[in-house]
Amino acid sequence: MPVQVPLFLFSCGPKSIAENDSEPWHPFQTCGDFEFSELVHKAALNKDLTNQFLRLIQCLFEKHVVNVHHAKHNLEFDVHYHPLWDWAMDVLQDPRLQPHFVWDAQHLYKHNGECFEHFIDEPWTGDRWWNIQSSLLQEDAAPFTFILYTDKSHLLSSGKVKAYPIIVCCGNLPTHIRNSNHGLGGGQLVPEDSANDRKLSYTNLKRVVWHQAFLKLLNSITCLSKVSFVYKTYDDSMSTLYPIILILSADYEEQCMMSLIRGLNSSCPCPICLLPLNELCDHSKTHPHRTSEEAITHFELYKKSQCIGDEMMWSQSWQPVENAFWHVNQSCPHAALCFDPLHYNDGGLFSNHLFMELKKILASIGHHAKKTVDTQHELFPRWRNSNHFKSVMNIFFSDRNKLLDIAKKIIFTTQNILTHQAHPVGFVLLHCIASYLHYHMYILLDVHMETTLAAGECKLHTFQCHLEVSPTVAIFTWPNESHHRPIRKYYLLQMNRKDVAKQILRLDHKSLHLDQMHLKQILDKHALEDDENETLDDCSFSGHIYLGSPHKSVTLASIKENFCSCTFQNFCKKLSNFLNEFLPAHSIPIPGERSWFLTSPTNKLQEFQYLKVNYKSTVDWRIGTDYLWCNPSFHRCERFDCALVRSVDQHQNEKLIFVQLHFMFQYTVGTETLPLALVTSLDAPIGPRHIANEQLHLKCLRSQLLSSSEIIPLWSIVRGALVAPDFKCSGNYFLVNYIDTDMFLHSQTLFQ
């Protein structure tokens with residue numbers, strides 16, 4: 001039957017199909033299903049690959065929404081994470097890692113020559129692990145320990161885009177393994193709101209969201225921490241494991257968030273103990289430790305009576321928020337938090353106070369003082385794994401490792417300017433910095449003995465006393481800080497800056513697979529074995545020394561022609577005298593069965609400009625390696641390094657002295673090839689020790705005359721040494737004893 005319609009409704013084209021605008025992906029259930037199907041179709045994946053792809057996606061990261069009521073509004077925050085126990089099972093089932101797990105607490109002792117001394121080098125050698133395992137009910141029970149790190153990261157230098165990564169590693173694995181393999185999960189929890197940032201309600205909101213989001217991460221282990229998990233180890237024995245949070249690593253801001261205290265200016269600003277604000281600088285007293293039980297009691301009282309509870313919580317600086325860590329057994333956040341020297345010392349006490357005051361004093365002297373300090377930093381000898389600076393006075397450093405290197409060198413580059421006579425206030429500040437470095441070096445020790453703990457505490461009290469008399473300053477996150485760098489790189493180079501959390505986690509998962517492949521290569525090279533003779537250097541070597549950067553063999557006559565400095569004066573005679581003492585002492589026959597060895601101008605030697613020295617650390621008794629150079633043009637600069645060597649005094653008693661290397665070579669006698677070096681000893685008499693050097697803890701050395709150089713066997717070198725010139729007195733030097741903890745401990749005994 002004909003139908004009449006108005007002209008404006010008439011269309012000569014096909015009628016459009018009715019669509020549901022709210023669900024354009026119909027008949028797919030979700031938009032994600034549609035996009036996934038489209039991707040599979042475009043990639044031409046078959047059924048098996050599609051199923052494998054689905055399983056992979058399901059095991060990556062989960063997304064949850066945290067709902068919080070604030071200011072009459074319901075707010076939603078997305079949290080992306082990988083379930084903690086799923087990650088733990090991946091680690092437990094990795095056959096490459098299984099032999100390296102440690103389950104039982106240990107108390108280790110080392111004989112120091114007089115008695116056995118307790119030392120701590122891994123989490124399971126500490127008292128907390130021992131106490132936790134002793135409290136577990138089953139006889140074969142052991143903790144599966146998590147170490148968590150979190151910190152706010154600025155993805156842009158403007159600070160407008162931020163991420164909150166959470167890094168997790170297993171505390172049951174040795175340090176050199178767990179610090180090389182991390183899992184990553186996290187997301188943006190609370191957007192910054194500058195208008196409300198100072199309001200109490202908004203401050204509480206951020207803490208509520210943070211802990212509710214963190215609880216999502218911990219949900220997979222909360223139940224197991226109370227009922228345990230039975231695990232079959234690689235040797236077929238059964239272990240009952242209790243997941244616990246052993247260590248929380250963070251800066252002070254995040255520590256306040258984790259422990260739910262009110263922060264720096266509150267009545268009790270310490271997240272670990274109930275230290276009153278007015279006693280922060282008094283290290284002679286001890287205070288009660290915070291506990292989860294006490295926090296729960298205050299929080300329950302607050303829920304019953306907000307007025308009474310708030311007064312109680314205010315007195316001890318608690319925040320009225322439920323803590324996520326209360327849900328995990330044996331995981332008190334106040335016991336898990338540890339001191340953070342990276343932010344507190346390097347990026348705080350030194351950077352913001354001592355170094356800033358030093359800059360002010362030098363600026364008050366004049367431009368020439370600042371210029372002199374920069375010049376002396378540029379002239380400072382180079383050292384492996386230590387930053388070299390051309391200027392420090394007018395540059396702001398945010399890298400705390402660079403600040404640590406500046407702190408180690410600043411006394412040597414300013415002691416000739418801020419003298420006691422010329423600038424008493426500046427000298428007192430240098431005294432404070434020297435005291436600070438002494439106590440800080442004890443904190444940096446990888447292994448702590450009973451004696452080093454006592455010495456470190458003593459140095460801390462000394463530093464406090466110096467602060468009290470100074471008129472100017474009275475007014476172990478290291479491994480995890482490096483994880484911020486790849487996150488920023490993802491954001492800047494590999495993302496469209498939309499849906500930040502998902503993209504960061506996806507890119508990090510790819511990196512994790514690459515790290516796993518790299519870890520397999522390391523394990524295949526036995527890098528995880530505790531073998532003191534192994535090294536991961538590109539030119540691995542066994543034994544004590546390795547010579548590199550060889551030159552062509554030359555005659556002794558050409559040495560006299562090509563090296564005209566007084567250091568090489570009578571080189572052939574010195575070599576001959578050395579060999580006639582050295583060969584009989586080491587039962588090396590002199591060619592021709594002669595009683596005296598004579599060198600000939602036609603004899604040849606081979607020069608080397610690079611030396612690696614293996615040494616046993618006095619800190620952790622592992623093998624370390626120093627890289628030493630004898631090169632007149634090392635990156636267009638002279639570099640003649642120094643070393644600590646074994647020698648004998650006039651009574652043939654063994655002693656340790658410092659020397660400067662001038663020439664390293666190999667010389668062949670018969671069938672023996674001897675690695676030797678021409679050196680100048682740094683053991684000349686220096687007279688009475690100046691009181692200023694004692695106050696600055698400077699270890700003074702003086703060079704013998706260059707013409708009195710001598711030849712030594714390279715295997716007499718104990719280890720390398722960084723020696724800085726005394727810029728106010730030619731021929732005098734200072735041992736840079738802060739360059740590493742092993743040299744620091746050496747200096748404590750060598751200069752007694």
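This is a short chat about a predicted model of a protein.

User: What is the average pLDDT of the protein?
Analyst: The protein averages a pLDDT (the predictor's confidence in each residue, from 0 to 100) of 81, and 78% of the residues score at least 70. The model is predicted, and local features need pLDDT of at least 70, side-chain atom pairs count only at pLDDT 80 or more, while totals for chains, interfaces and linings use all residues. Residues are numbered from 1 along each chain as its sequence is written, and side-chain values use heavy atoms, with hydrogens and water left out.

User: Where is the pLDDT below 50?
Analyst: One such stretch is residues 468-476, which has 18 contacts beyond near neighbours in sequence in the model, a contact being heavy atoms within 4.5 Å. Where pLDDT is low, the predicted coordinates should not be read in detail.

User: Which residues have the most contacts inside the largest nonpolar core?
Analyst: They are L358, I433 and L611, in a core of 78 residues; a nonpolar core is a set of buried (under 20% relative accessible area, 1.4 Å probe, protein chains only) Ala, Val, Leu, Ile, Met, Phe, Trp, Tyr and Cys residues joined through side-chain atoms within 4.5 Å.

User: And what does I433 touch?
Analyst: Leaving aside its neighbours within four places in sequence, I433 is in contact with L354, L358, I410 and I411.

Key. Buried means under 20% relative accessible area, exposed over 50%, partly exposed in between (1.4 Å probe, protein chains only).
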